[in-house]
Amino acid sequence: MIKKRFIAGAICKKCQKQDVIRWCKNNDTEQEWIECVSCGYHEDKPDEVMNAEHPQPSSDGIVNIVRFK
Ligand SMILES: [Zn+2]
């Protein structure tokens, strides 16, 4: 199963657009990568992007906690 989530504020290295980068993780293989929904750019193990921008929306954890209760 592949989880996909937009990275808030992330800018694509190729097309320089904002809020077009999705972080993806395959839970079966533990592979992680990012992809741009605008130009199709993708990169494995996006440490640079994840560290440079906010890695997760601040509301993400809160939403999960609420749903699990
Ligand atoms: Zn792009």
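Tutor: W33 stands opposite D44 in β4, and C24 stands opposite W33 in β3. The model is predicted: local features need pLDDT of at least 70, side-chain atom pairs count only at pLDDT 80 or more, and totals for chains, interfaces and linings use all residues. Residues are numbered from 1 along each chain as its sequence is written.

β3 and strand β4 (residues 42–44) are antiparallel and joined by three bridges; two strands count as paired if DSSP finds at least two bridges between them. Strand β2 (residues 21–26) and strand β3 (residues 31–36) also run antiparallel, with six bridges between them.

Each pairing forms a hairpin. Four residues lie between β2 and β3, and in that hairpin E30 has a positive phi near 65 degrees. Between β3 and β4 there are five residues, and in that hairpin G40 has a positive phi near 90 degrees.

As for the setting, the protein has two helices and four strands, in the order β-β-β-β-α-α along the sequence. Helices (H or I, at least four residues) and strands (E, at least two) are DSSP runs, numbered from the N terminus. Of the 69 residues, 9% count as buried, meaning that 20 or more other C-beta atoms, placed from the backbone, lie within 10 Å of the residue's own. Among contacts between residues at least 6 apart in sequence, 32% join residues at least 24 apart; a contact requires C-beta atoms, placed from the backbone, within 7 Å.

Conventions
A residue is buried if 20 or more other C-beta atoms lie within 10 Å of its own, exposed if 12 or fewer, and partly exposed in between; C-beta atoms are placed from the backbone. Two residues are in contact if their C-beta atoms, placed from the backbone, lie within 7 Å.
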